[in-house]
Amino acid sequence: MRGEETEAERRRRWIEREAAKTQPKTMRCSKCGKEVDEYMEIAGRVLCVDCFLLEEMEERGAMRMPGEGSGSG
Ligand SMILES: [Zn+2]
């Protein structure tokens, strides 16, 4: 009785490891609902890159409140 694992066992272990490695980790954007494998996590929310940039722009826009209402356009 040998303490070595059989080839089948070794193969199975390898496949399991490879499967875990290559499994794409996709998340669903909490804003637009798009499934993305590249995402940002902000305050527990998952945002795709597009929504992240949008939120950032909105945040910057909100910080610069248009105080004067004298807009010529
Ligand atoms: Zn999104």
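So, secondary structure: the protein chain has 2 helices and 4 strands, where helices are DSSP runs of H or I with at least four residues and strands are E runs of at least two, numbered from the N terminus. Reading from the N terminus, the order is α-β-β-β-β-α. Bear in mind that this is a predicted model, where local features need pLDDT of at least 70, side-chain atom pairs count only at pLDDT 80 or more, and totals for chains, interfaces and linings use all residues. Residues are numbered from 1 along each chain as its sequence is written.

Now the hairpin. Strand β3, residues 39-42, pairs with strand β4, residues 45-48, in the antiparallel sense over 4 bridges; pairing here takes at least two DSSP bridges. Within that pair, E41 sits opposite V46 in β4. The hairpin leaves 2 residues between the strands, and A43 in the turn has a positive phi of about 50°.

Okay, over to S30. You'll find S30 in the loop between β1 (27-28) and β2 (35-36). Leaving out residues up to four places away in sequence, S30 touches R45, V46 and L47, a contact being two C-beta atoms, placed from the backbone, within 7 Å. There's also C48: its C-alpha atom is 8.3 Å from that of S30, with the two residues 18 apart along the chain.

Across the protein chain, buried residues make up 5% of the 73 residues.

Key: Buried ≥ 20, exposed ≤ 12 C-beta atoms within 10 Å, placed from the backbone.
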